[in-house]
Amino acid sequence: MNRPPRVLFGMPAYNRPDALSRTLESLLSQTCTDFAIVIVDDQPTAAVRAIVERYQSLDTRITYEANATRLGMIGNWHWAFARGLEIHPTIEYFAWVSDHDMWHPRWLEVLVAELDEHPEVVMAYPQMQRVFPRERRAITRLSDTAGMTSPIARLRRAISEMTAGNAVYGLFRVDALERAGVFRGVLMPDRQLLVELSLFGEFRHVPQMLWYREVAGVFSLTRQRNMLFSDRVPLHTYVPPPLQHFGILMWDLVVRGTGRPTFGRMAGAWYSLCQLWFATKREVLHDDAWWRSVLATEQK
Amino acid sequence: MSTSKAERDRLRLQRREELVARRVELKAAKRQADDERAARKQEERARLESERLALDAIAEKAYEDYLVVREGVRRMRECEDRNGVAYTDHERRAIEGLAPLWTANAEMIAQLRRWCEPLSGVRAADYASESSELATRLKRELSMLRRQGAHDLFVQESRALGGFGFEKHGELYNEDTLLFCKTLVALHDGALVQPYRASDERRLVWEIGGGWGGFACQFKTLFPNVTYLITGLPDAFLVSAVYVQALFPDARCRLFTDMPPADLFQQWKEIDFIFVPESAATTMQPPRVDLALDLSTLCQMSVDRMRAHVRRAFDLRCRYWYSLFRPDASAAESAVCDVVNECYWPHPIPARRERWAPAVMGVEPEPRPDTEAAHLVGWRRVCA
C-alpha cells in the first residue's frame, strides 16, 4: 500500500491550457517526490481536461475535479485546500499552485527541509523570477520574520515589508494554516491570511530563486473584486482593506478565540488593533497603497 | 653681560647636542627602514623565486602529462576519423589553430595558456596594457560582479602555464575568467549549484566541448565533489586535459582510450576528470548526469549534432541543461534554444545588472548590450 503524501499542491485552475503542461511538468519534476496534486477547475474546458488526463496517465499523484458552478478565486482557493485535505487528510505541508507559473524542480526539496528543520516556521517561500512577456527579472530582495519571537514584531514586518502575492505561494504548515483560516471573503485575502498567520509563527524567505512567476497585469481593486467573487460582490469590499482585515481578526481572535492556546482573547484584541495601525500606516505611505489604485482608476 | 653670553653659549651647545642626537636618531631610523626594505625585497625575491620554481615544476610535470595525453588523443583522433565526424568551419579553424600543439616542446607547454586562442578567442597580447578599453570594461564588470555578491563564485586565472590577464588586489583575471564567473552566477541564480555545496553526494557534470579546461577548473575549485566529464574535439584535449592536470596535480584523470568503452565509468566516483571524444558521446553510458553544460559549444555545431547532444542528456535523465551564448554567438542562439526546447523547458536567466529600467507591460525591454552574454537554463521535460 502506498504511503500517504506529506505535501499537497492545491491548484485552483482557471482556463490556462496554454501554460498548464509547463506548470504540471514543473511540479511533477520535483526532486522531493513525496507529494500529491489536487486540481480544482473553476472553468472546466475540454483542452484543460485533455492535458490533465494526459499527465494523470503518467502520474497517479494527480487528482482533478471540475467545479459544478463557478466559485470565484476566493472560493476556488478555499476549495483547493478543503478538498485537498478531504482527499489527503494526513498531509503536513500545503502549497497553492497556479495553473501558469513555474516551480523549480528543487522548490519542494528546499522548502520542506526549511520547515522540517525549523518547527517555529509556519511558512517558507523562495526568491522569485518575474516572467514578463518579453523579459525576465530576478527579484533578490529578502523579507521574512525568521528569528522574531515577538508576534507584534512579526505582524509589523509581515504588513510593512512582505509582498503577500508572492509569499502566499509558499509552503505552509497545514495546522497553522487551518488556525489562520485559509482564504476569507475580503479584498487582498492573501495579505489577510499572511497577517493572521504571522501571529502563529515565523516566515522564512529562502535565498534561492525557485519560483518563476508570470506577470499578467497590474494590480487594481476593481480587478480583484471581479476575480475574487463568483457573482455579487459583497458590500464590505468597498470598505478600506485594512478595516476589512481588522474585522476578520477581531472575529477570529476575540470572538472565536482561535489564537488559543498560543495567545488569549485580550492579546488577540491587541494584535487586531496593532494590525489596524500598521496596515493603515502602510496603506497611507506605501507605493502600492489601495487608495493610490482607487485614484488611478478614477483618473482613467 | 658675560652671564648672558655664557647662557647663550650654553643654549647653543645644547641645541647642537640636540641636533646631533636627532641626526643620529634619524640615521638609525633610516638604517632600520633600509634594512626592513631590504628584508622585504629579499622576502619578495624569495617568494617570487619559490613561485617561479613552483611554476617551473608545474610546467615540467605538465610536459610529462602532455606526452601521455598526446598519445591518447592521437588514438581518439583516429577513432574520430574512422567515424567520420563532420566538423563545421569554425571547428576546423580551431583544429588548425591547435595543430602546432601536436609537436609541442616543453617551452610551448610551459606557456600553454598562450595557445588557447583558437578555443576561446581570448589573446594574451590584449592584456599588455592596463589602460586599454578592454581593461576598463573588465575592471568595471569585475567590480559590478563583486558588488552584486559574486565573491564566492570568483576564481582567479591561475598563473600556471602562462596564465595572463589584468591584476586587481593581487588577483589575475581576463575575459574568460569573468565569463566563467558570470556562468557560475547564472547557475547560482538558476538554483542549480546549491546542492553541490550542501550535499556530500558525488555528482557527475558533463561539459560539452570543454574549451581549454578553464571552466572545468573553476567548477572543480568551487565544487570539488564532482566527477567532471568533458566530451568534444580530441585536439582540444591537448590543452584541456593537460591544463586541468596542471592545476589539480592530485586529480585522477581518465581518457577515453585508457579503458574499453564499457568500463569507462567504472568507479567513476573516484575519478575527477574524464575525457571522451564527441563520436563516443552519444553512446557513452555514465551512471548518472546531474548537469549538462554547453559554454557556447553547441552553437558551433550543425543542428543534427546539437540535437544528438541534447537528446543524449535527456536520455541519460540529466535533470538540468545550461547553455551560454557568448556576445558574438547571438546568431545561433535561437537555433540552440529551439533544440534545447525539444527536451528541456527553457528558462533564460537574466544577467545581473546594477539597475533595471522599470518594467512596463507592453513596452519592449531594453536590448541586450553587445558585450553581454546570455544564459539559458533548461529543466528536463517529463514528456519530450
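How many helices and strands make up the secondary structure of chain A? In this predicted model, chain A contains twelve helices and nine strands.

**Overall form of chain A**

The radius of gyration of chain A is 19 Å, close to the 19 Å that the globule rule gives for 300 residues, so chain A is as compact as a globular protein of that length. The C-alpha trace of chain A spans about 50 × 50 × 35 Å along its principal axes. Of the 300 residues in chain A, 43% are buried. Among contacts in chain A with a separation of 6 or more, 79% join residues 24 or more positions apart.

**Packing of α5 and α11**

Two packed helices are described by the angle between their axes and the distance between the axes. In chain A, the axes of helix α5 (residues 151-160) and helix α11 (residues 265-285) come within 9 Å and cross at roughly 30 degrees. Angles under 35 degrees count as roughly parallel, and α5(A) and α11(A) are therefore roughly parallel to each other. The crossing of α5(A) past α11(A) is right-handed. The residues that make the contact are listed by helix below.

| Helix | Residues in the contact |
|---|---|
| α5(A) | Pro151(A), Ile152(A), Leu155(A), Arg156(A), Ile159(A), Ser160(A) |
| α11(A) | Tyr271(A), Cys274(A), Gln275(A), Phe278(A), Ala279(A), Arg282(A) |

By class, the residues of this contact between α5(A) and α11(A) comprise eight nonpolar, two polar and two charged.

**The side of chain A that touches chain B**

Contacts between the chains involve 21 residues of chain A and 17 residues of chain B. On the chain A side, the elements that give two or more residues are α1 (17-28), β7 (136-139) and β9 (202-214). This side of chain A has nine nonpolar, five polar and seven charged residues.

Ala36(A) lies in strand β2 (residues 35-41) of chain A. Is this residue buried or exposed? A residue counts as buried if 20 or more other C-beta atoms lie within 10 Å of its own; Ala36(A) has 20 such atoms within 10 Å and is therefore buried. When residues up to four places away in sequence are not counted, Ala36(A) touches Pro5(A), Leu8(A), Arg61(A), Thr63(A) and His88(A). The C-alpha atom of Ala36(A) is separated by 9.3 Å from that of Ile91(A), and the two residues are 55 residues apart along the chain.

Methods:
Residues are numbered from 1 along each chain as its sequence is written. Chains are lettered from A and ligands numbered from 1 in the order in which they are written. This is a predicted model: local features need pLDDT of at least 70, side-chain atom pairs count only at pLDDT 80 or more; totals for chains, interfaces and linings use all residues. Helices (H or I, at least four residues) and strands (E, at least two) are DSSP runs, numbered from the N terminus. The radius of gyration is taken over C-alpha atoms; the globule rule is 2.2 Å times the number of residues to the power 0.38. A residue is buried if 20 or more other C-beta atoms lie within 10 Å of its own, exposed if 12 or fewer, and partly exposed in between; C-beta atoms are placed from the backbone. Two residues are in contact if their C-beta atoms, placed from the backbone, lie within 7 Å. Axes are lines fitted to C-alpha atoms, for helices over the stretch in contact, and angles run from 0 to 180 degrees between N-to-C directions. Angles under 35 degrees count as roughly parallel, over 145 as roughly antiparallel, 65 to 115 as roughly perpendicular and the rest as oblique. A crossing is left-handed if the near helix is turned anticlockwise from the far one by less than a right angle, and right-handed if clockwise. Ala, Val, Leu, Ile, Met, Phe, Trp, Tyr, Cys and Pro count as nonpolar, Asp, Glu, Lys and Arg as charged, and the others, Gly among them, as polar.
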